Every structure is written in C-alpha cells, then in structure tokens.
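Thanks, everyone. I will take a few minutes on one model and go through it piece by piece.

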Amino acid sequence: MEPLTPKLGSLAQNARQKHLKSAKSCLFVVAALQFIGGIIFTFIFLNQPIPQELKSVVYTSLAVIFGAGLAFLILGLLVPKFPIPCTVLALILFITLHAIDAIANPASLLQGIILKVIVIVVLVKAIQAAVAYERERKLENASPGM
Amino acid sequence: MDSSFDFDVPSSNPEGYRPSGDAAPLKCWRCFLLNKSTALQCEFCDAPFDTSNLAPIAEEEIACWRCQKSNRVSLARCGYCDARLIQEEHHRERRENTQWKHGIVAMVGHYAVALLILLVGGWSLAFGVHRAGENDEAMFRKMLPILVTTDLLFLGLAVISYVHLAKECTQPPGRSALAAWLCAAPMLAIILGINYGYHWLLEQAFHVEGIKYPFWGSDLWPWTIALVCIQPAVAEEIFFRQVVLGTLRKHMSFHGAVWLSAMIFALAHLGGILSIPTLMLAGALFGYVRAATGSLVLPMLLHFTHNLVVVMFF
C-alpha cells in the first residue's frame, strides 16, 4: 500500500538525513579535489627532471596533498558518527594546510584563490548542515513523540 | 470503533490522537508514515498501535495556524500538516538554530583571521625549521617589530572574539577546581618531559633544531618573556580555551571538544609545525584544566610556565 501522503510523516527524518548527506558529500568533494590536485601535481613532476635537492621537497608536498585527501575522505566517512567534529576539523585542516603552504611559498596564497574560496564555502555549508543535523536530533530526543 | 476517538496509537505517541469523527490519517510512532485511521498496525513497518488506551482525553485544543485543524495543546507539531503549532516557538527555535550555526562558523572565521596574523609571524621565523649555526638572537632582534605587531594583533583578535562570541562560548562552572590545582603541576611536568624527549628525537633523526629564543645573558630576555611567555599565555588561552573550547562544548561531547580545541591550538602554531604533537598534548591539558577549574587563571599560569621552561631549558 502507498502512504496516504507519501513520506509526509517522515519529513523531519528526511531533513536530517539530507543535512547529513550534504555534509558528507561536501567532504568527499574536497577529498576528490585534493586527489585530483595531487595527481596533476604528480604528472607535472613526472614529466620534468627534478634536481636532487628538490626531490625531498616534492615528495613531502605529494605526501601532504595525498595525506590531506585521505584525511578528508576519512572525515567524510566518519561524518555520520561525529558530524560536527568532522566538519569543523575538515575546515580547520584545509585553512591550516594552505596557511602552511603560504609560509613556505607566500605566492601560493593567491594561487587558485577562487577554488580555495569555493572549497571554504562548501566546508562552511557542511558545518551548517552538521549543526542542523545535531540540532534536529536533539529536538527529536527531547520530544520522542514527535 | 465506537469510541469518541476512532484511531489506535500507543500512549507514548500523543500526536496520534485525533478528534472524533475526523478521518485524519494516523502517523506511525516508529516510521512516521501515515496510515489509515483505523489501522491496528503500521502498513509500512508493522509497528503495532496500542488499542488499550482509547479513552478520550479531556484536554484543551488548539487550532493549527496553517491548516486550521484542531490539535491538543501539548503537541509540538500539527498532526495533520506537521507544522509547528506555536509560531512563536517556531521562530524562537529558528533564531536559536541560526545562533548555533553562527557561533561555530564565526569561531572558525576568527581562527582563519588568527592564522593570517600568525602567517606573518611564521614568515618572520622562517617556518620554525632552523638551520644549525644560524644566529637566533640576531634573527630575533631583526624580527622584533614584526613579532610585537603580530602578538598585539593576535591579542586584539582574542579579545574581539571573546566579546563577539561571549554568548556562544559561555562554559559551565568547574566542578573539581581543587583536584585540578593539585594535579596541574605534575601533569605539566609530564608534558614537558614528553616535549623534551620528542624534540631530542627530532634532533637525532632529522638534524633539525628549534629556534633558541634569547634568554640567558641576552639583553632581549624581557622581550622573550613578554612575547613568548606572557602574550601566548593570555591571548591564546582567551582564544583557544574560552572562545574555541566554549563554542565547541555547545556542539559536541566534552572530551571531543577538548581534544578538537587542542588540535586547533596545535595547528595554529605555524611557526613550529614539527611541535604539533606535543602542542596538542599541552592544549588538551590546558583544556581539561580550564573545564575543571571553570576559569582561565590556572591554564594561563600553566601555559606561561610551559613556555618559560621551553625558552629557558630546551
């Protein structure tokens, strides 16, 4: 039998799941961007000779890029369990990584600034979604009859 | 059914009650999907509807502002259209919700501004990885104006953040202040021991040395005390243990908030990224002490002592 008003009764539940899904997707998008950036970076350096003294710097940069991608992926997977900590940590991590990058190479602060702003906005949206999810869950727990 | 109520719901589901003569659908208490008003169990999840409690309940009714149908006063949402029954309540909750979002996002925004300020400090201290043989005192003297400016800016930011997020970052009073005061010194000694061992290992493994701030026999020692011991103890404690920890505690578990704030505190030390693991431990200690005492005095004292010992002996 079809519901009389399809899914009307589960509006709150759906909204919560939507918030959570949105936060999770945001983190996966950032992880994907990080991996794509890492792959492009790898191809660039594979196709040109690297001086011996710069090799360690390049390998460290690659490790940081892929490590950050992995961190975002793990945070995305953990979002359903710890929504707010994961999203906040992701944004903090992203901002800090770029700040560290800017210390090593000040010119990098403005490189890809549009993409950086987009990612920051996406992560802020993820935090808002996580907060909304927690809020809804608390409301739900406070009034179990709802 | 002949009862004045023509539907069946468990007593734990007050929303399921409908006025007599109204063939409103019955919302399942488990899956929230709508069923026929005469259903004995949910069509979708098979949850049973309690048929034992069908006596009419005399209670004041309220008309839903959206669909105009009557509901019991105790209900939070309309049983027919799911609207919140009292608009004022709805708006209040929306306002609170916005404040929540505002608090945590604003906190991260303030952190980003703090990073921008600390970036300058990081540039001036050459990333925290010091080349052996370089003259630290000369470098410190050269960078002094930049360090003073960034420290003052960060202090200003901490105060602005505290004022701006005062409501969002209030924390409950501490409940074990005496224990915290008694345990603080030994815990700090352990953290400093770990810190020393970790940096000794770094020196052995990677041949990197931390910056040695001018202290013994230098005329710059008052500046070192002011910029490396006093300013971080005050500004960082206000920012990380009050603003950041206070905001996070409203959104997550206590331990989660303490450790996340400790991680944020450690990541903010752009001038010494190799020290992040030990800084995180120190940040967690300060966070627990802040929560236990309910004030910033002891964390500030511990932070000052920690930095003083590092400057003097490491």
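A residue is called buried here when its relative accessible area is under 20%. Keep in mind that this is a predicted model.

With that cut-off, start with the salt bridge in chain B. The side chains of R241(B) and E237(B) meet there, with a distance of 2.9 Å from N to O. Are the two partners buried or exposed? E237(B) has a relative accessibility of 0%, so it counts as buried. R241(B) is also at a relative accessible area of 0%, and is therefore buried. Both residues sit in helix 4 of chain B, residues 221-249, and because they are 4 residues apart, about one helical turn separates them. Over all chains, the count of salt bridges comes to 1.

Now chain B as a whole. Its secondary structure consists of 7 helices and 4 strands. What is the order from the N terminus? The elements run β-β-β-β-α-α-α-α-α-α-α. Of the 314 residues in chain B, 47% are buried.

On to chain A, and helix 3, residues 83-104. This helix has 22 residues, which at 1.5 Å a residue should span 32 Å; the C-alpha atoms at its ends are 32 Å apart, so the two values agree.

Next, the surface of chain A. A nonpolar patch of about 510 Å² is formed by L70(A), L73(A), I74(A), L77(A), L78(A) and F82(A). Take L73(A) as one of these. L73(A) belongs to helix 2 of chain A, residues 52-78. Its relative accessible area is 32%, so L73(A) is classed as partly exposed.

Last, the largest pocket. The space in it amounts to about 1600 Å³. Which residues lie closest to its centre? Out of 44 lining residues, they are S61(A), V64(A), I65(A), L97(A) and D101(A). Which element gives the largest share? That is helix 1 of chain A, with 10 residues.

That is the end of the walk-through.

Definitions and conventions. Residues are numbered from 1 along each chain as its sequence is written. Chains are lettered from A and ligands numbered from 1 in the order in which they are written. This is a predicted model: local features need pLDDT of at least 70, side-chain atom pairs count only at pLDDT 80 or more; totals for chains, interfaces and linings use all residues. Side-chain values use heavy atoms; hydrogens and water are left out. Patches are made of residues with over 30% relative accessible area and no salt bridge: like charges are joined within 9 Å, nonpolar side chains (Val, Leu, Ile, Met, Phe, Trp, Tyr) within 5 Å. Accessible areas come from the Shrake-Rupley method with a 1.4 Å probe; for residues, only the protein chains shown count as cover. A salt bridge is a side-chain nitrogen of Lys or Arg within 4 Å of a carboxyl oxygen of Asp or Glu. Helices (H or I, at least four residues) and strands (E, at least two) are DSSP runs, numbered from the N terminus. Buried means under 20% relative accessible area, exposed over 50%, partly exposed in between (1.4 Å probe, protein chains only). The expected span of a helix is 1.5 Å times one less than its number of residues. On a 1 Å grid over the protein atoms alone, a cavity is a set of points where a 1.4 Å probe fits but cannot get out, and a pocket is an open set with protein on both sides within 12 Å along at least five of seven lines; lining residues have an atom within 4 Å of a point. Grid points are joined across faces, edges and corners, and a volume is the space filled by probe spheres set on the points.
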